[in-house]
Amino acid sequence: MKSRTNIMGLAIILVTLAVCPLTAPHLMAADVENCDLCHKYSGLGRIDESGKKHLFYVNDSLFQQSVHGKVRCKECHSEIEKYPHTNTKKVDCATVCHLIDPSTGENFSHATMIEKYELSVHGTKDAEGNLKEHAEDLAACIYCHENRIYQPVTGLAQKDQGVAQEILDRCLGCHNEEQWARTFYNHFTHRLHQRRTSRRMVELCVSCHEDTERMARHGLTVTGTFHDTFHWQGIKYGDPNAPNCITCHAPVGYFSHQIMPKNDARSAIHRDNLVRTCANLDGLQTCHPSATPSFAQGKIHPADFKIGVFEFKMKGLDRLRKITRGEMKPFQEVRAQQPAPEELTPLDYYQGLILQLIKYFYLMLIGGLISFMILHQVLDYFATRREMKEGGMH
Amino acid sequence: MTIRVRETWTIGEADAYTPKKEEYYIRMNIHERIQHHLVWSSFVILAITGFMVEFPEEWLRYFDPYRETVFYWRGLLHRIFAVVMIINIGYQALYLAFSKEGRGYFLSMLPELKDAKDFFQNMAYYLQRGEKPLFDRFNYKEKLEYWTGWIGNIIITVTGFFLWFQEFFPKFIFDLSILIHTMEAILASSAIMVWHFYEVHLKPGKFPMSNVWLDGKISEHELEEEHPLQYEKVKAQTITSSQIPDL
């Protein structure tokens, strides 16, 4: 078995040597540990005992353009001592790496960010430091952060993607190393804009928050009704001013890694902070600058009282199909979207009730009146035809 | 009601090219026609720009890459034509209150007991159980449409106002408004499509459309057929065509 591994290793080395001259030299330069030797093969991977596929392929040219492009593999995968190596542990994002943080002169680490995050509603530990219930449901770093490719912009007014050569040339006036200047430019302009579009942001958050079972485990209601709000209509049309989850849950002055439960005074959606959040006077988006306390109250993702005009039939049929197949219980969705009764104030409850009643009143009115009209006109059609046949008219 | 004479040509007969004189009546005067043009044009644009908010996502790719621009213009046009619609309501209200013709229009439009009787008699007629009722200037169908139009217009204007200036009102008013605004829009659009489009476009004898909304004219035999009571009154009051000078 061992000799076989050696032969395989030799073969890999030989193939690598043969391919080496074809590889761009500047890409090879960063990979001083030579991990690329194996990991550049796109088929590299395995299927583990549980049948899960693992892909170990690293596209070096893409990795170079990513936010971690300057970090060597061993900085994060620090326990690897030799190769071919065996199973590696999951990367701990709090690892201190050898990059120097220019602001402090010390080695860089994400530990401070993780400390803050652990205190938020998404953190795995409670105030006493004990592991929360169902901690495995909570999003760890890599749930939201894949190692992104830099998305530089060419300016502030027109945020076209790319590197503005004019600006880069200004850097290169003093800094001779172009690769360094380019990375710094990327790093800086990547941060100038929200790199996820509002749509992607909503998709990311609802990937957990629309999961009925998962939300039920944490005593939360699903946020599916966000898609009924006018906020979502704006996002659907790509309006840059339309708010996504972060716009309200972590506006200016708050931090997306420190989202707090809504009853916490530090939360942007706490009752006392809502006016400021809706007004969003410091933000880049224009929201509701003259918001009043009475405007900024009530549920923004309310229980499902809106009907889809064009999607109604499709949604209904889909639901019916699922119910007949036994994949879903009747009214399951509606129930999941209703906040628990004890969570509602009497005012919220009666307001919801009024809205529901108006919805059903209108549905009956529309159904009844339009059916009456259709019937009336059909009768009129046949009467008119009779009349014309008899020659009484025209 | 004024009587006028127009020249018509009868196609396919021996004297096809000699104009014939036919009597007609003005059913919609110039004010009513302008009001109708304003209301239908703004209604169509408001319905389209309004229901665009409800479009499923798959439809939106047809707007690419102009989605954002489309969304901006959608909102702007909706507001502009909402104002046109509201101004038109005011115009109609002033017309009804302050002009002689308008007051007459309003009085003939008021619902009365006869309309209920007409409805049942008409139902019987449809089912071949009775005679066709004799309608006056406006029949119960027209009155129903007119007054539901007024009610719907007021509801949708008020809720639209709350939506436009949402920040100054409680969130509950906003929730209520967005629900009622949508529902009322669905109701109004479908009612127009079923009730009005049939009556003036699809009805046998009317297809492709009745011309009253364009020139305001209704021919004598049409008036006699559709509004016999009014025809009798008008006939008794007005001079005949032979008595008015050539136009």
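1. A word on conventions. This is a predicted model, in which local features need pLDDT of at least 70 and side-chain atom pairs count only at pLDDT 80 or more, while totals for chains, interfaces and linings use all residues. Residues are numbered from 1 along each chain as its sequence is written, chains are lettered from A and ligands numbered from 1 in the order in which they are written, and side-chain values use heavy atoms, with hydrogens and water left out.

2. Have a look at A:Val153, in the loop between helix H7 (141–144) and helix H8 (165–172) of chain A. Helices here are DSSP runs (H or I, at least four residues), numbered from the N terminus. A:Val153 is buried, at a relative accessible area of 2%; buried means under 20%, exposed over 50% and partly exposed in between, with a 1.4 Å probe and protein chains only. Leaving aside residues up to four places away in sequence, A:Val153 touches A:Lys159, A:Asp160, A:Gln161, A:Gly162, A:Tyr185, A:Thr189, A:Leu192 and A:His193 (contact means heavy atoms within 4.5 Å). A:Asn186 is 33 residues from A:Val153 in sequence, yet their C-alpha atoms are 8.1 Å apart.

3. Helix H17 of chain A (residues 346–389) has 44 residues and reaches 64 Å from first C-alpha to last, close to the 64 Å expected at 1.5 Å a residue. That expected span is 1.5 Å times one less than the number of residues. Just after H17(A), A:Gly391 takes a positive phi of about 80°.

4. In chain B, how do helix H6 (residues 140–164) and helix H7 (residues 171–202) pack, and at what angle? The angle is about 155°, with the axes 9 Å apart; axes are lines fitted to C-alpha atoms over the stretch in contact, and angles run from 0 to 180 degrees between N-to-C directions. H6(B) and H7(B) are therefore roughly antiparallel (over 145 degrees; under 35 is roughly parallel, 65 to 115 roughly perpendicular and the rest oblique). The residues of this contact divide into 11 nonpolar, six polar and four charged. Nonpolar covers Ala, Val, Leu, Ile, Met, Phe, Trp, Tyr, Cys and Pro, charged covers Asp, Glu, Lys and Arg, and the others, Gly among them, are polar.

5. H6(B) also packs against helix H3 (residues 67–98) of chain B, at about 135° and with axes 11 Å apart. That makes H3(B) oblique to H6(B). On the H3(B) side are B:Arg79, B:Val83, B:Met85, B:Ile86, B:Ile89, B:Gln92, B:Ala93 and B:Leu96, and they meet B:Tyr146, B:Trp150, B:Asn153, B:Thr157 and B:Trp164 of H6(B). This contact has nine nonpolar residues, three polar and one charged.

6. Two cis peptide bonds are worth a look. One joins B:Asp64 and B:Pro65, with omega about 0°, and B:Pro65 sits in the loop between helix H2 (57–60) and H3 of chain B. Another joins B:Phe207 and B:Pro208, again with omega about 0°; B:Pro208 lies between H7 and helix H8 (212–215) of chain B, in a loop.

7. A:Asn34 has phi near 65° and is partly exposed, at 32% relative accessible area. B:Gln128 has phi of about 55°, lies in the loop between helix H5 (113–126) and H6 of chain B, and is exposed at 53%.

Methods:
Helices (H or I, at least four residues) and strands (E, at least two) are DSSP runs, numbered from the N terminus.
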